[in-house]
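Below is a short report on how one protein chain is packed.

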Amino acid sequence: MAWGAEPVARQTYQDKGQPADTQTGKTVAFVLSGGGNRGALQVGALQALLEHGVRPDMLVGTSAGALNAAFLASDPTPVGIQRLAKTWERVKKEDVYPGNYGSVLWRLIRNDESLYSNARFQRFLQRYLRALHLQRFGDITSGVRLYLVAARLDTGIAHVFGDDPNDLLLDALMASTALPPFHPPWQCNGTAYVDGGMAADLPVCLAAERGAREIYALHVTMAPQPSTRLHGVLEISAHALQTLLERQLRCELQMATELPNVQLHYIPFTAYAGLPLRDFHRTSEMIAEGRTVMEAYLATLTRPQAASEHPWRRIVRERWDRARNAFRRAARPSCNR
C-alpha cells in the first residue's frame with residue numbers, strides 16, 4: 001500500500017492468482033507480518049497451525065515474516081517448523097546488530113547509510129540458504145508458493161519478490177528486512193529497497209490477489225496503552241509509526257474482506273512489545289507464547305461466532321481507537337512547567 005496523507009488507494013500487486021487447490025477447493029495462505037526479534041512469536045503459531053493439520057498452499061511475508069515464510073516454504077511440515085524454531089534459538093545479537101554503541105556513534109559521525117552493517121546478517125542468511133539448497137524462488141520444490149514484500153526506497157511502493165522464479169531469495173530477504181535506520185537499503189538490479197513494512201506490513205491483499213481463499217494473517221504488533229503518557233522523542237516517534245501502521249492495516253484488512261470468496265483469520269500477537277530490539281535472549285519464551293495464542297484462536301473456530309461484528313473488525317477498531325487517543329494525549333502540550 002503506497003503511503004500518503006490518507007490510505008485511500010488500493011495497492012496493486014499485479015494480480016497473478018492461480019486456481020484453488022483441486023483437492024480442497026480452497027487455497028490456504030499464511031501471511032506473516034514484520035516484527036523484528038519478536039518474529040519468534042510467529043514460529044510458535046505456525047507450529048500450532050501445522051500440528052492441527054492446517055497446511056499452507058501459499059506463504060506471504062514481510063520483514064521478519066519474510067524470513068519465517070522463506071524458511072518454512074522449503075519444508076512446510078512440523079519437522080520443518082521445528083528446524084526453523086532451532087534456527088531462531090541460535091540467532092545472536094551480533095548476527096543482526098553487530099558492534100556496540102561506540103560503533104553506532106562512529107557510523108553516525110561518518111554519515112553511513114545505517115546504524116549497523118548488514119554484512120554479518122547477509123552471511124548468516126547465505127549460510128542457511130546454502131544448507132537448504134535454496135538460491136532462487138524456483139528452487140522451492142515443496143509445492144508452496146512464496147511471495148516476499150519489500151518497499152522501493154524511491155517511491156515507497158511495494159515490490160513483490162517471487163512472481164519470477166528466477167528472483168534470488170537472498171535479494172528478497174535482504175531487501176524485505178532492510179529497516180531504516182538500522183540496516184542500509186538493499187540494492188537489487190539498480191533499485192534500492194527497504195523494509196517491506198514501509199509499504200505493506202501485513203500484505204493480505206497480495207495473498208488474495210494471488211489466489212488465496214483462506215488467509216491466516218499473523219500480525220506481530222503492540223497493544224496500545226492509552227493511560228500511559230509517552231515520554232521522549234523515541235517513544236513518541238515509535239508510537240506515531242505504530243499508529244500509521246494501524247491505519248494501513250485497517251485499510252488492508254477492509255479491502256481483503258471486500259474481495260469475493262475470501263475467508264480471513266486475523267490473529268494479533270502483542271506479547272513482549274517492550275522487548276529491546278537487540279534482545280534475542282527470550283526467543284524460546286516467545287515461541288511458546290505464539291503457540292498459546294494460536295491454540296486459543298483455533299479453539300474459537302470450533303465454537304459458533306456471534307452474528308454481529310466480525311472479530312477482526314472489532315480487534316482492529318479497538319486497537320486503532322486506543323492508539324489514536326494515546327497519540328493525541330502524548331502530543332498534547334503539558335500544563336506542568
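The largest nonpolar core has 64 residues, and Phe30, Leu146, Leu218 and Met294 touch the most other members. A nonpolar core is a set of buried Ala, Val, Leu, Ile, Met, Phe, Trp, Tyr and Cys residues joined through side-chain atoms within 4.5 Å. Buried means under 20% relative accessible area, exposed over 50%, and partly exposed in between, with a 1.4 Å probe and protein chains only. H1 gives the largest share of this core, eight residues. A second, separate core has 30 residues, among them Ala199, Leu202, Leu206 and Ala207.

The model is predicted: local features need pLDDT of at least 70, side-chain atom pairs count only at pLDDT 80 or more, and totals for chains, interfaces and linings use all residues. Residues are numbered from 1 along each chain as its sequence is written, and side-chain values use heavy atoms, with hydrogens and water left out.

Methionine 294 is in contact (heavy atoms within 4.5 Å) with Ala45, Ala48, Leu49, Leu218, Ile267 and Phe269, leaving aside its neighbours within four places in sequence.

The chain has eleven helices and eight strands. Helices (H or I, at least four residues) and strands (E, at least two) are DSSP runs, numbered from the N terminus. Of the 337 residues, 50% count as buried. Among contacts between residues at least 6 apart in sequence, 80% join residues at least 24 apart.

Two packed helices are described by the angle between their axes and the distance between the axes. Axes are lines fitted to C-alpha atoms, for helices over the stretch in contact, and angles run from 0 to 180 degrees between N-to-C directions.

Helix H1 (residues 40–51) packs against helix H10 (residues 283–300) at an angle of about 45°, and their axes are 6 Å apart. H1 and H10 are therefore oblique to each other. Angles under 35 degrees count as roughly parallel, over 145 as roughly antiparallel, 65 to 115 as roughly perpendicular and the rest as oblique. Their crossing is right-handed; a crossing is left-handed if the near helix is turned anticlockwise from the far one by less than a right angle, and right-handed if clockwise. Residues of H1 including Ala45, Ala48 and Leu49 meet residues of H10 including Met286, Gly290 and Met294. By class, this contact of H1 with H10 has ten nonpolar, four polar and four charged residues. Ala, Val, Leu, Ile, Met, Phe, Trp, Tyr, Cys and Pro count as nonpolar, Asp, Glu, Lys and Arg as charged, and the others, Gly among them, as polar.

Helix H6 (residues 119–131) and helix H7 (residues 169–176) pack at about 140°, with axes 11 Å apart. H6 and H7 are therefore oblique to each other, and H6 passes H7 in a right-handed crossing. Phe121, Gln122, Leu125, Gln126 and Leu129 of H6 make the contact with Leu169, Leu170, Leu173 and Met174 of H7. The residues of this contact divide into seven nonpolar, two polar and no charged.

Some residues apart in sequence can also be paired by C-alpha to C-alpha distance.

| Pair | Apart in sequence | C-alpha to C-alpha |
|---|---|---|
| Threonine 27 and arginine 55 | 28 residues | 9.9 Å |
| Glycine 80 and glutamine 47 | 33 residues | 9.4 Å |
| Valine 79 and leucine 50 | 29 residues | 9.7 Å |

Threonine 27 is in the segment before strand S1 (28–32) and counts as buried, at 1% relative accessibility. Glycine 80 is in helix H3 (residues 78–90). Is glycine 80 buried or exposed? Glycine 80 counts as buried because its relative accessibility is 4%. Valine 79 is in helix H3 and counts as exposed, at 55% relative accessibility.
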